[in-house]
Amino acid sequence: MASIFWGSFTCGRVLGIPLSLRFAPTEILAADLAGALCVMVALVSLGTRAPDEQALQVLTAIFGLCMACTYPQAKVLPSTYGYAIDGTYMSIIMVAGSLGNVFFVMCVAQLFGALGPPSFCPTILGVQRARLRPLHVPA
């Protein structure tokens, strides 16, 4: 599964280059996050029964494709709204992102320990839903 994810992630990064020439960062980011959200909903719905191996492989590949362009497009997004991102702001963004990753992993680990493996997919699903909300920026 890991090789399927990282292979599709790499393909998604390569496909993201020509896509970024045709579409706005908000469109790509919205499509990526919506696709990842749909995959997570599918995984949650399959979570109560033994999922088919092929279904897991396909969903893993789609999830890798969807997550590939999220970070690069999120870095480009502020400049589309007229904000200049210099080295200082990029450093703040990188440190805040790293702290968020540490905090999120800690929270997921606590939920995983307290509630068991079924808590993982709903937690990721909630985070994906929370990530979609900031895309509704008034123009």
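Buried means under 20% relative accessible area, exposed over 50%, and partly exposed in between, with a 1.4 Å probe and protein chains only. This is a predicted model, in which local features need pLDDT of at least 70 and side-chain atom pairs count only at pLDDT 80 or more, while totals for chains, interfaces and linings use all residues. Residues are numbered from 1 along each chain as its sequence is written, and side-chain values use heavy atoms, with hydrogens and water left out.

**Exercise 1. Check the span of helix 5 and see what follows it.**

Helix 5 covers residues 87–115, 29 residues in number. The expected span of a helix is 1.5 Å times one less than its number of residues. From first C-alpha to last, helix 5 reaches 41 Å, close to the expected 42 Å. After helix 5 comes Gly 116, with a positive phi near 90°.

**Exercise 2. Work out how helix 2 packs against helix 4.**

Begin with the geometry. Axes are lines fitted to C-alpha atoms, for helices over the stretch in contact, and angles run from 0 to 180 degrees between N-to-C directions. The axes of helix 2 and helix 4 (residues 70–80) come within 9 Å and cross at roughly 145°. Now the residues: Pro 25, Thr 26, Ile 28, Leu 29, Asp 32 and Leu 33 in helix 2 meet Thr 70, Gln 73, Ala 74, Val 76, Leu 77 and Thr 80 in helix 4.

Zoom in on one residue of this contact. Which residues does Gln 73 touch, not counting those up to four places away in sequence? They are Ser 20, Pro 25, Ile 28 and Leu 29. Is Gln 73 buried or exposed? Gln 73 counts as buried because its relative accessibility is 6%.

**Exercise 3. Find the largest nonpolar core and trace where its residues come from.**

A nonpolar core is a set of buried Ala, Val, Leu, Ile, Met, Phe, Trp, Tyr and Cys residues joined through side-chain atoms within 4.5 Å. The largest one has 12 residues, among them Phe 5, Phe 9, Met 40, Phe 63 and Ile 124. Helix 1 (2–22), helix 2 and helix 3 (53–68) each give two or more residues to this core. Helix 3 supplies the largest share, 5 residues.

The axes of helix 1 and helix 3 come within 7 Å and cross at roughly 35°. One of the core residues is Ala 68; apart from neighbours within four places in sequence, Ala 68 is in contact with Phe 9, Gly 12 and Arg 13.

**Exercise 4. Summarise the whole chain.**

Count the elements: there are 6 helices and 0 strands. Then the burial: 25% of the 139 residues count as buried. Last, the contacts: among those between residues at least 6 apart in sequence, 77% join residues at least 24 apart.

Technical notes. Helix = DSSP H or I, 4+ residues; strand = E, 2+ residues; numbered from the N terminus. Contact = heavy atoms within 4.5 Å.
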